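Hi,

Here is the structure we talked about. Have a look at it first, then read on.

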Amino acid sequence: MLFEPIKLRNIIIKNRIMMSPMCQYSAQGDGMANDWHFVHYVTRAVGGTGLIILEATDVEARGRITDYDLGIWKDEQIQPLKRIVDECKKYGATIGIQLSHAGRKSEVTDDTPVAPTSMEWNKDYKTPKELSKKEIKDIINKFREAAVRAEKAGFDIIEIHGAHGYLIHEFLSPLSNKRTDEYGGTTENRTRFLREVIQAVKEVWPKDKPIFLRVSADDYIEGGINIDEMVRILSLIKDEGIDVIDVSSGGLLNAKIELYPGYQVKYSERIKKELGFKTASVGLITQPELAEDVLRSGRADIVILGRELLRNPYWPLQAARHLRYDIQWPKQYERAKLK
Ligand SMILES: Cc1cc2nc3c(=O)[nH]c(=O)nc-3n(C[C@H](O)[C@H](O)[C@H](O)COP(=O)(O)O)c2cc1C
């Protein structure tokens with residue numbers, strides 16, 4: 001199963017292994033991808049990863065987590081991204097980009113962060129400015145423009161970053177969204193920003209290419225989102241054409257999380273079984289057997305590896321051998337392929 005292809009719209013991913021979006025904080029203040037990003041992503045393509053999702057890449061400069069984030073808010077940023085995309089595809093990888101806005105978790109030096117409500121993430125962070133309705137529409141438009149650029153760069157997939165306490169998650173959670181207009185209050189109102197972002201992206205993104213959505217299924221704090229509430233939120237966007245829900249958790253506020261191998265698989269399973277979405281599961285999946293089990297037991301359609309792929313970019317090649325799948329190696333490395 002781990003090395004079985006999966007078809008999403010017109011895109012065939014050669015196996016079920018996804019590289020988790022992971023910020024490299026290695027741009028030089030201009031949001032432009034450089035040689036570090038090129039080597040980093042291409043190495044994982046050589047290593048056999050089926051789907052690479054580029055790190056959180058910001059739709060506006062004010063939405064960066066740090067001054068060193070990747071950006072996709074201006075046309076000059078397209079070409080260096082395209083260079084990465086083109087090279088990764090040569091090794092059979094499918095490649096996507098995570099579109100992001102950090103909201104109140106932005107630590108950029110020259111700007112004031114924005115949020116649904118003027119509440120700082122913690123006392124070490126700047127107090128964000130509450131977004132007006134006009135400013136909300138402007139940000140939605142920035143997601144649309146970013147999707148146009150992502151298409152020009154040749155990406156196969158867009159992942160919308162709706163997790164980890166960044167802007168979309170800040171709208172979703174009642175702990176960070178205290179608005180009294182149509183963007184706050186009920187579950188439906190808190191979901192409105194997400195729905196409008198999805199619709200804007202969909203307007204310009206080719207119909208034959210998939211869209212993923214990453215969510216935090218649990219805030220781990222009383223009064224915040226729990227899995228029941230996340231199921232309600234996702235049921236409200238069920239017909240918006242999202243192809244895969246990438247199920248993570250946490251990040252809204254500091255919370256104690258019990259960590260163990262596959263600790264977020266249970267949330268993926270619930271979303272998959274109850275709502276019928278295809279899902280991708282992330283979080284301490286490092287062993288090939290666990291990855292295989294999560295897929296074969298029907299608890300996710302894709303497994304996502306983060307830190308394990310930082311430690312070992314050749315994990316997919318080695319996992320295939322371990323599980324006795326015969327897969328193609330890059331021809332330059334074939335003499336190292338152990339039978
Ligand atoms: C260095 C680093 C950077 C990260 N950056 C992002 C990011 O840009 N977007 C995101 O959704 N998650 C980000 N995460 C979270 C990972 O994508 C992943 O969900 C988390 O590390 C758990 O998976 P793992 O146990 O396989 O590492 C980051 C994690 C790390 C370690």
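Below are notes on the pockets, a pair of helices and one histidine.

This is a predicted model, in which local features need pLDDT of at least 70 and side-chain atom pairs count only at pLDDT 80 or more, while totals for chains, interfaces and linings use all residues. Residues are numbered from 1 along each chain as its sequence is written, and side-chain values use heavy atoms, with hydrogens and water left out.

Let's start with empty space. Rolling a probe the size of a water molecule over the atoms shows where such space is left. A pocket here is an open set of points on a 1 Å grid over the protein atoms alone, where a 1.4 Å probe fits, with protein on both sides within 12 Å along at least five of seven lines; lining residues have an atom within 4 Å of a point. A volume is the space filled by probe spheres set on the points, which are joined across faces, edges and corners.

The largest pocket holds about 670 Å³. It has 34 lining residues, and His 164, Arg 214, Ser 248, Tyr 263 and Arg 307 are the closest to its centre. Helix H9 (307–311) gives the largest share of this lining, three residues. (Helices, H or I with at least four residues, and strands, E with at least two, are DSSP runs numbered from the N terminus.) The second largest pocket has about 340 Å³ of space. Its lining has 16 residues, and nearest its centre are Lys 14, Tyr 91, Gln 328, Trp 329 and Pro 330.

Now for the helices. How far apart are the axes of H8 and H10? Helix H8 (residues 288–296) and helix H10 (residues 315–322) have axes 10 Å apart and pack at about 80° (axes are lines fitted to C-alpha atoms over the stretch in contact, and angles run from 0 to 180 degrees between N-to-C directions). That makes the two helices roughly perpendicular (65 to 115 degrees). Pro 288, Glu 289 and Ala 291 of H8 meet Trp 315, Ala 319 and His 322 of H10 in this contact (heavy atoms within 4.5 Å). Among the buried residues of H10 are Trp 315 and Ala 319 (buried means under 20% relative accessible area with a 1.4 Å probe, protein chains only).

Finally, find His 37, which sits in helix H1 (residues 35–46). His 37 is buried, with a relative accessible area of 0%. Beyond its neighbours within four places in sequence, its contacts include Gln 24, Glu 55 and Ile 84.

Cheers

Methods
Angles under 35 degrees count as roughly parallel, over 145 as roughly antiparallel, 65 to 115 as roughly perpendicular and the rest as oblique. Buried means under 20% relative accessible area, exposed over 50%, partly exposed in between (1.4 Å probe, protein chains only).
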